Amino acid sequence: MTLSRHILESQRQAPRARGELSVLLLQLAFAGKIFSHALRRSALDGRLGPTGDRNVQGEATKQLDVFGNNTIVEAFARSELVAAIVSEELDEPREIACGERASYVLCVDPLDGSSNSDVNGVVATIFGVYRPPRENGAEASLARVRSGRDQVAAGYIMYGPSTIFVYTTGSGVHGFTLDHDIGEFLLTHPQMECPPHGPYYAANLANLQDWDAGAQEYVRHLAAGLDRTYSLRYSGALVADVHRSLLEGGIYLYPADRQHPSGKLRLAYECAPLAFVLEQAGGAASTGTSAVLDAPFESIHQRVPFAGGSRDEVAMLERFTRDRR
Ligand code: AHM
Ligand code: MG
């Protein structure tokens, strides 16, 4: 089962669909193939290392951040598929010239796990496709998005030992592995289901002293292994850690800390898309107090505390947070 066939078959389940979302998803997969090819050759082609610039969030950008961003923007620049692209690497939304009629806004983190890119570690592209309410035929814009619940599709492309495309359109989560020989994503992980609990936790423990008391006590509780034994796995790429939780159970968390008073991760193109995937697979994602998908949108690069994975571990974190407020 190719990704194209899978997308077209799910389009048929929605009789009023016009096929635009299908083409949009296939265009994302195309950008993923280009990026996957470039990543495999990045050391050979001189694409490793920093650019010397910083992005709007003050983070030093890597050559691969820029390449990933350009690949996505070019894949949609002359299409009528999206009205605008919001990206971790763009200060402002990029309006698409002929996208006035488009219903969707695409939010992307082109290169999740930037710090892994120079050490041949796992990196990923995260995407959320939003359909904002359109009053009086107004152009689709992120300013009209109320929360992550306005997503119609979300997923990620993970560039590891193999390249995997994982997506949801609200009917379960499906994973496809790129067969480089034939250039197709093939269904390898149908109907992914996140185990209700699992043996892993992932967090940057260097920040532990700076978290709120609930998050600190929660992680100390997991590490002490009082209910179950938990092993620490932290890859430096949110997607890789969430993907592990999705397949084997457990939790990834990036709580607020002194350096990141609202958390480090961005709502529109990191947290909400992964929350949509996790909820669709029977897992959960929380800000510590409520569902990530219910967090109201305020600005394009807005950050939120994030915890995502198996529903039991996420519920336990919420209990610790509540008890210490
Ligand atoms: P990025 O998109 O710039 O790579 O930032 C997001 C990443 C996550 O993938 C990862 O879990 C986290 O930032 C790592 O941050 P830290 O180095 O503070 O642990
Ligand atoms: Mg990121």
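Tutor: Start with the second largest cavity, which has a volume of about 30 Å³. Keep in mind that this is a predicted model.

Student: Ok. Which residues line the second largest cavity?

Tutor: Tyr-200, Tyr-201, Ala-202, Arg-233, Asp-241, Arg-244, Ser-245 and Ile-251.

Student: And which elements each supply at least two residues of that lining?

Tutor: Strand E11, residues 200–202, and helix H5, residues 238–248.

Student: How does that lining divide by class?

Tutor: There are 4 nonpolar residues, 1 polar and 3 charged.

Student: How many cavities of 30 Å³ or more does a search of the whole structure find?

Tutor: The search finds 2.

Student: So what volume does the largest cavity have?

Tutor: About 40 Å³.

Student: What lines the largest cavity?

Tutor: The lining is Ala-31, Gly-32, Phe-35, Gly-68, Thr-71, Ile-72, Thr-125, Ile-157 and Tyr-159. Three elements supply at least two residues each: helix H2 (20–40), helix H3 (63–77) and strand E7 (151–159).

Student: Why are H5 and H6 called roughly parallel?

Tutor: Angles under 35 degrees count as roughly parallel. The crossing angle is roughly 15°, so H5 and H6 are roughly parallel to each other.

Student: Left-handed or right-handed crossing?

Tutor: The crossing of H5 and H6 is right-handed.

Student: Which residues make the contact?

Tutor: From H5, Leu-238, Val-239, Val-242 and Leu-246. From H6, Glu-270, Leu-274, Val-277 and Leu-278.

Student: And the classes in the contact of H5 with H6?

Tutor: That contact has 7 nonpolar residues, no polar ones and 1 charged.

Student: How many residues line the largest pocket, and which lie nearest its centre?

Tutor: The largest pocket is lined by 26 residues. Ser-10, Gln-11, Ala-14, Ala-17 and Leu-21 lie nearest its centre.

Student: Which element gives the most to that lining?

Tutor: H1, with 5 residues. Helix H1 spans 3–12, and H2 and strand E8 (163–168) also supply at least two residues each.

Student: What about classes in the lining of the largest pocket?

Tutor: They divide into 9 nonpolar, 12 polar and 5 charged.

Student: Now the second largest pocket. What volume does it have?

Tutor: About 470 Å³. Its lining is 26 residues, and Gly-113, Ser-114, Ser-115, Gly-236 and Lys-264 lie nearest the centre.

Student: Which elements give two or more residues to the lining of the second largest pocket?

Tutor: Three strands: E2 (60–62), E5 (104–112) and E13 (251–254). The largest share, 3 residues, comes from E5.

Student: How many charged residues does the lining of the second largest pocket have?

Tutor: It has 10 charged residues, with 8 nonpolar and 8 polar.

Definitions and conventions:
Residues numbered from 1 in each chain as written. Chains lettered and ligands numbered in written order. Predicted model: local features only at pLDDT ≥ 70, side-chain atom pairs only at ≥ 80, totals over all residues. Heavy atoms only, no water. 1 Å grid on protein atoms, 1.4 Å probe; cavity = no way out; pocket = protein on both sides within 12 Å on 5 of 7 lines; lining within 4 Å. Points joined across faces, edges and corners; volume = space filled by probe spheres on them. Helix = DSSP H or I, 4+ residues; strand = E, 2+ residues; numbered from the N terminus. Nonpolar A, V, L, I, M, F, W, Y, C, P; charged D, E, K, R; others polar. Axes fitted to C-alpha atoms, helices over the stretch in contact; angles between N-to-C directions. Parallel < 35°, antiparallel > 145°, perpendicular 65-115°, else oblique. Left-handed = near helix turned anticlockwise from the far one by under 90°. Contact = heavy atoms within 4.5 Å.
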